[in-house]
Amino acid sequence: QMNSNITAEILKKYAKMASQSFMTNPGYVISCPDEKKRQDFIYHVVLMRLYISRKTDIFYFDEEGRGLLVLRKAGLGYPTGEVLKVPIILGLLKNMSFVSKLLGVTGAFSDKGLYDEEKTYIVSPVFVDVNHQGKGVGTALLKKAVEDMAQKGFKVGLDTMEPTNVP
């Protein structure tokens, strides 16, 4: 569903879920060995992305609240003006040394020019509650998104560092 009326409480719930889900992501672990700071940073990054995304992207929620998949039009960035409007930006700013370290390790990524931008959506992000990972929740969300978008004449791309994430 694309819905700019998704509440802050819902966004916070899923940002917390993502911060737990992404804790072992190698890029985050290398960049910030301190688990508390890493989880706080991931929470704020995901909350910022979801806050902006709710205005433009397509959200697929697991019916039981166990996961979320967001589809973003290929080549569509996050405008600086929108980022600065996000209330939690201060939480990110207090972690700026971590942000620069993370960008230095992982590099800046853009999908611009990699896909037919008129016909492709990118999964960004997808995550599942840690208690339900490996049980098909993410796969079901991805399959549903791919089926829905194929019926509308669109392709779906998935950027992942983990080969087991591809169904």
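Among contacts in the chain (heavy atoms within 4.5 Å) between residues at least 6 apart in sequence, 76% join residues at least 24 apart. The structure is a predicted model, in which local features need pLDDT of at least 70 and side-chain atom pairs count only at pLDDT 80 or more, while totals for chains, interfaces and linings use all residues. Residues are numbered from 1 along each chain as its sequence is written, and side-chain values use heavy atoms, with hydrogens and water left out.

The secondary structure comprises seven helices and four strands, taken as DSSP runs numbered from the N terminus (helices H or I of at least four residues, strands E of at least two). From the N terminus on, these elements follow the order α-α-α-β-β-α-α-α-β-α-β. Of the 167 residues in the chain, 40% are buried, where buried means under 20% relative accessible area, exposed over 50% and partly exposed in between (1.4 Å probe, protein chains only).

Helix α1 (residues 8–21) packs with helix α3 (residues 35–53) at an angle of about 135°, and their axes are 8 Å apart; axes are lines fitted to C-alpha atoms over the stretch in contact, and angles run from 0 to 180 degrees between N-to-C directions. The two helices are therefore oblique to each other, a class left over once angles under 35 degrees are counted as roughly parallel, over 145 as roughly antiparallel and 65 to 115 as roughly perpendicular. On the α1 side, the residues that meet α3 include L11, Y14, A15 and A18, and their counterparts in α3 include I42, V46, L47 and L50. By class, this contact has ten nonpolar, three polar and two charged residues, with Ala, Val, Leu, Ile, Met, Phe, Trp, Tyr, Cys and Pro counted as nonpolar, Asp, Glu, Lys and Arg as charged, and the others, Gly among them, as polar.

A search of the whole structure finds five aromatic pairs, defined by ring centres of Phe, Tyr and Trp (its six-membered ring) within 6.5 Å, with planes under 30 degrees apart counted as stacked, over 60 as edge-to-face and the rest as tilted. One of them, F22 with F127, is edge-to-face, at 5.8 Å centre to centre and 85° between the planes. Because F22 lies in the loop between α1 and α2 (26–31) and F127 in strand β3 (residues 120–128), this pair ties together parts that are 105 residues apart in sequence. Both F22, at 17% relative accessible area, and F127, at 2%, are buried. The rings of F59 and F61 have centres 5.8 Å apart and planes at 35°, so that this pair is tilted; F59 is buried at 1% relative accessibility, whereas F61 is partly exposed at 25%. Together with Y14, the residues F22, F59, F61 and F127 form one aromatic cluster.
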